[in-house]
Amino acid sequence: MLPTPSTSHVDVNLVYEPAEDSFLFLDTLSSVAESSFLKERFGQDPQWRKRDVQSPSPLIVEVGVGSGVILGFLTAHARQILGRNDVLSIGVDVSRPACQASTDTVHLACRAASNGSPESGWFFTSLNADLTSVIRPGTVDVLICNPPYVPTAEVPHTPDIRTQAAKISNHGEEQNSIAEEANLISLSYAGGTDGMEVTNRLLEQLPIALDPKQGVAYILLCNQNRPDEVVHRIRQWGADWAVHVVGRSGKHGGWEKLQILRICRGGKPAS
């Protein structure tokens, strides 16, 4: 079992604390089935890849990076999960405290995993932005998102990025009111109608953000998000798109409370 990145430094009053959904992502990405899929798609070793072509370094992007535990895990254990360690990872979050926390988490995870050996990938930074707005179209090889999926009356107000930057004190600490702190936390779980308002926006952006040949996305849903309807909608994108449930957790009344979808163009690497 691969070690989970430490998040003991994360201020849980400002940033979502890793929970069942986070750990489902770790278990899913490191499972034999999913690791084999990713190695076949991106790995450099001929025993994994189905095509004898040198692949550029994959770009991993986590949208809504939060504490950074998922991105830190995937980056730190890149060789074991993707079959190569020349990956580049980036986090994105509308919360500036989350960007700061995730940067520390990923750096610590990579340092701990390497331990003198080149096992981890390269982490660039966490960007304070909305979804894929700052990502160049067609460049993302692996997109991860544990979105705000809890059904709520509305999606919380997204703080202005320039305003967040202006709140940094002379000592480099961000100054937030109690109300602002509560809003930052609610952004991590409150998904609006059916818990899908943020996820629907991301789904619309996937065909643009993902690499057109080998891009793959992993998105978490809960039962209240009506995952069967989401799967049906994605299949309407066209015959070249494939969607599979690759992770499940927490059965409730015969239904899985949490699911992770793998979304990509085709089920195999492009030839």
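Predicted model: local features only at pLDDT ≥ 70, side-chain atom pairs only at ≥ 80, totals over all residues.
Residues are numbered from 1 along each chain as its sequence is written, and side-chain values use heavy atoms, with hydrogens and water left out.

**The strands around β4**

Helices (H or I, at least four residues) and strands (E, at least two) are DSSP runs, numbered from the N terminus. The protein chain has 9 helices and 7 strands. Strands count as paired if DSSP finds at least two bridges between them. Strand β4 (residues 142–145) runs parallel to β5 (residues 216–222), with 4 bridges between them. Strand β1 (residues 59–63) is also parallel to β4, again joined by 4 bridges. L143 in β4 turns up here too, standing opposite V61.

How covered are these strands? Buried means under 20% relative accessible area, exposed means over 50%, and partly exposed is in between (1.4 Å probe, protein chains only). In a regular strand the side chains alternate between the two faces of the sheet. In β4, V142 and I144 point one way, L143 and C145 point the other way, and all are buried. β5 is mostly covered as well, with 7 of its 7 residues buried. On one side of β5 sit V216, Y218, L220 and C222, on the other A217, I219 and L221, and all are buried.

If you care about cysteines, C222 counts as buried because its relative accessibility is 5%. C264 is also buried, since its relative accessible area is 0%. There are 0 disulfides in the structure, a disulfide being a pair of cysteine sulfur atoms within 2.5 Å.

**The chain as a whole, and helix α1**

Of the 271 residues in the protein chain, 51% are buried. Contact here means heavy atoms within 4.5 Å. Take the contacts between residues at least 6 apart in sequence: 81% of them join residues at least 24 apart.

Why is α1 described as largely enclosed by the rest of the structure? Because 7 of its 10 residues are buried. Those buried residues are D21, S22, L24, F25, L26, T28 and L29.

**The largest pocket**

The pocket search uses a 1 Å grid over the protein atoms alone; a pocket is an open set of points with protein on both sides within 12 Å along at least five of seven lines, a cavity is a set where a 1.4 Å probe fits but cannot get out, and lining residues have an atom within 4 Å of a point. Grid points are joined across faces, edges and corners, and a volume is the space filled by probe spheres set on the points.

The largest pocket comes out at about 530 Å³. Its lining has 40 residues, and G64, D93, P148, L187 and S188 are the closest to its centre. Elements that each supply at least two lining residues are α1 (20–29), β1, α3 (69–76), β2 (88–93), α7 (178–186) and α8 (197–209). The largest share, 3 residues, comes from α8. By type, the lining splits into 23 nonpolar, 10 polar and 7 charged residues. Here Ala, Val, Leu, Ile, Met, Phe, Trp, Tyr, Cys and Pro count as nonpolar, Asp, Glu, Lys and Arg as charged, and the others, Gly among them, as polar.

**A few individual residues**

P58 lies in the loop between α2 (32–42) and β1. Leaving out residues up to four places away in sequence, P58 touches F42, R84, D86, V87, L88 and D141. P58 and N85 are 27 residues apart along the chain, and their C-alpha atoms are separated by 9.5 Å. S186 in helix α7 has a C-alpha 9.9 Å from that of V150, 36 residues apart in sequence.

Most residues other than glycine have a negative phi, and most peptide bonds are trans. D194, in the loop between α7 and α8, has a positive phi of about 60 degrees although it is not a glycine. R226, found in the loop between β5 and α9 (227–235), also has a positive phi, near 60 degrees.

| Residue | Relative accessibility | Class |
|---|---|---|
| P58 | 0% | buried |
| S186 | 12% | buried |
| D194 | 30% | partly exposed |
| R226 | 44% | partly exposed |
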